[in-house]
Amino acid sequence: MSSKDNQDNSAFPGGNWTEWTEKDLETLDQVSRNLMQASLKSQKLMSDVVAKALEGDPVLPQADPFHSASEFGEVWSQIISQPELVMQAQADLMKGYLDLWSNTTKRVVTGDEQAAIKPEAGDKRWRSKDWNENPVFDAIKQSYLLNQHFLMGLVHGVDGVDDKTKRKVEFLTKQMTDALAPTNFALTNPDVIRETMQSRGENLTRGLKNLMADLEKGHGRLALTQTDMEGFKVGQDLATTAGEVVFENDIIELIQYAPTTETVKKRPLLISPPWINKFYILDLREKNSMIRWLTKQGFTVFLISWVNPGPELKDKTFEDYMHQGLLAAIDAVEEATGETSVNTVGYCVGGTLLASTLAYLEATGQPDRIASATFFAAQTDFELAGDLLIFIDDEWMKEIGRLMDAQGGVLDGRTMADTFNLLRSNDLVWSFTINNYLLGRQPQAFDLLYWNADQTRMPKALHLWYLDNMYRNNRLSKGELSFGDVPLELSAVKTPIYMQASRDDHIAPYPSVYKGAKRFGGPVRYMMAGSGHIAGVINHPDANKYQHWTNDDLPETVDDWIAGAVEHPGSWWLDWREWLNERSGEDVPARTPGDGNLAAIRPAPGRNVLVRSDEETASPKPQTVD
């Protein structure tokens with residue numbers, strides 16, 4: 001690197017120490033002092049963490065919650081026993097390194113740029129221009145990618161291992177290689193080196209302060225900060241659509257939202273969001289609020305706000321959530337509006353509950369209580385449920401049970417957050433590790449990440465039942481579930497269904513959602529949106545983002561559906577609105593919350609949603625309303 005490069009970019013001092021100025025030496029001295037201070041603090045920090053771990057705090061996860069040693073041993077013993085696989089992988093690795101060496105030498109001499117390997121499209125780790133423009137960092141990047149490709153190729157290519165074991169080892173190998181990326185280390189990340197020189201090492205001392213704060217917040221367990229948790233307040237900045245709580249019991253508040261049109265559709269709309277997150281993903285801010293948008297389309301909107309349960313609710317079951325949750329809400333909507341049939345929406349696990357309820361109502365002779373059902377990113381068949389399946393084995397179930405027992409019978413929100421973050425670790429773990437701890441910066445306020453960090457707890461009985469019956473044994477789709485003596489059979493459900501999936505959803509993959517759509521016995525409209533589990537659903541039409549695909553048919557496979565689908569720019573909400581309008585009846589005068597047979601209890605967003613898992617240990621007690 002030339003002296004001119006050094007003058008233009010202060011990240012890296014000049015290569016000849018005799019050219020260094022007094023200012024350069026002063027900077028180096030300050031950097032050294034800050035690095036020494038950071039080193040001493042980190043030693044104390046690690047000592048405290050290790051001491052905490054040795055105390056055996058039962059609330060902390062085990063070091064290897066996956067108990068994956070046996071699977072790794074099985075896969076690698078098979079790899080070693082397949083010399084052709086190993087030799088081919090080594091040959092490919094050697095060729096890659098020869099190409100890398102040749103291309104790097106040629107680039108230094110002639111400036112000609114060629115790559116032996118390139119990152120996958122959308123890999124944001126290499127956004128810094130130094131990873132491409134600086135030959136040294138470009139070589140470091142490609143060397144890492146070659147090694148990662150080598151390891152992943154061996155695991156993916158091995159024979160003689162069942163698919164479940166291979167998928168688990170592939171996932172964990174990817175997690176380990178992602179953790180070892182040069183972007184995650186101060187000495188091999190150009191942005192960190194630049195920040196270290198410019199701040200004279202203060203970024204590292206700030207980073208250690210951030211790390212200590214996160215460890216303290218997690219009581220010895222790293223609670224990675226992804227956003228400024230003081231940047232928003234629910235009910236003031238988020239979840240601000242006007243409405244009233246009109247019903248409540250031990251596990252729900254039912255919110256009726258205020259109309260924004262003079263007339264509304266006769267049939268009300270009831271939304272069942274997931275209980276593993278808070279409902280306000282549907283009502284973040286005015287510009288992206290689905291709730292507010294629905295009221296502007298002339299729908300009377302009701303929404304279930306699930307309790308953030310404490311230990312006193314540890315024995316609540318999935319069936320309780322149906323009877324005291326969804327069915328109780330339907331009863332309350334009928335009492336508030338006089339309508340005996342509702343349109344419904346189920347998001348994620350709220351959709352799995354809705355599907356089970358549809359089957360229950362069909363079996364008990366009450367199918368007309370739900371006129372239509374819309375599913376957002378919801379699975380009813382879990383055979384193709386994606387990477388989450390690797391978490392649902394015997395050892396993981398035991399670990400989850402142990403953690404819930406240690407926490408009084410509920411699963412803390414942090415465990416769920418960590419699990420979902422692992423599915424996108426580069427975006428949701430390592431990017432914040434670099435920003436917070438290596439660059440020493442504070443996360444910015446971001447509404448979506450605020451919601452993502454505002455997790456809820458789950459009752460032990462409900463959660464273990466759900467994992468066992470849905471993910472592990474797929475009993476709902478097989479017709480093997482019963483509530484009491486009532487069998488649940490999805491094929492018997494004739495209710496019209498709108499099934500939304502997202503192309504890049506890593507929690508409810510679109511092939512899995514499609515497989516579930518085929519389980520119902522009535523008319524199903526399947527629609528696939530662009531983006532993922534959240535942005536694929538929450539895509540306000542005014543944003544003019546992404547796209548969606550429609551196909552009036554429902555062929556045997558999702559590949560056949562895609563082959564016949566038509567792509568449309570922008571949000572899918574307009575397509576859904578037309579479908580919903582056809583099933584909502586004529587226009588009637590707008591309904592004001594509290595004017596029906598149910599009195600207003602308290603203003604939206606209610607109080608369930610205000611309970612923070614990191615601040616409270618018990619569920620709020622409903623007030624008695626005369």
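**Charged pairs, helices and a sheet**

Reader: What is the relative accessible area of D99?

Author: D99 counts as partly exposed, the class between buried (under 20% relative accessible area) and exposed (over 50%), found with a 1.4 Å probe on protein chains only. This is a predicted model, where local features need pLDDT of at least 70 and side-chain atom pairs pLDDT 80 or more, while totals for chains, interfaces and linings use all residues. Residues are numbered from 1 along each chain as its sequence is written, and side-chain values use heavy atoms, leaving out hydrogens and water. For D99, the relative accessible area is 28%.

Reader: How far apart are the closest N and O atoms of K95 and D99?

Author: Both residues sit in helix α4 (residues 83-110), four residues apart, about one turn of the helix. Helices (H or I, at least four residues) and strands (E, at least two) are DSSP runs, numbered from the N terminus. K95 is exposed at 52%. The pair forms a salt bridge, meaning a side-chain nitrogen of Lys or Arg within 4 Å of a carboxyl oxygen of Asp or Glu, and here the closest N and O atoms are apart by 2.9 Å.

Reader: How many residues apart are D575 and R525?

Author: R525 is buried, with 18% relative accessibility. Its salt bridge with D575 has its closest N and O atoms 3.0 Å apart. D575 belongs to helix α21 (residues 573-581) and R525 to strand β13, so this pair links distant parts of the chain, with a separation of 50 residues.

Reader: How do α3 and α7 lie relative to each other?

Author: Helix α3 (residues 69-80) packs on helix α7 (residues 163-179) with axes 10 Å apart and an angle of about 100 degrees. Axes are lines fitted to C-alpha atoms, for helices over the stretch in contact, and angles between N-to-C directions run from 0 to 180 degrees. Under 35 degrees counts as roughly parallel, over 145 as roughly antiparallel, 65 to 115 as roughly perpendicular and the rest as oblique. The two helices are therefore roughly perpendicular.

Reader: Which strands are the edge strands of the open sheet?

Author: The sheet has 11 strands, with mixed pairing, in the order β15-β14-β13-β12-β7-β6-β4-β5-β2-β1-β17. Two strands pair if DSSP finds at least two bridges between them. An edge strand here pairs on one side only, and the two are β15 (566-569) and β17 (602-603).

Reader: Which residue of β15 stands opposite T550?

Author: T550 is in strand β14 (residues 547-550), where Q547 and W549 point one way, H548 and T550 the other, and all are buried. Toward β13, three bridges make an antiparallel pair, with M527 opposite T550. Toward β15, the pairing is also antiparallel, over four bridges. There, the residue opposite T550 is V566.

Reader: Finally, what share of the protein chain counts as buried?

Author: The chain holds 21 helices and 17 strands. Of its 626 residues, the share that counts as buried is 53%.
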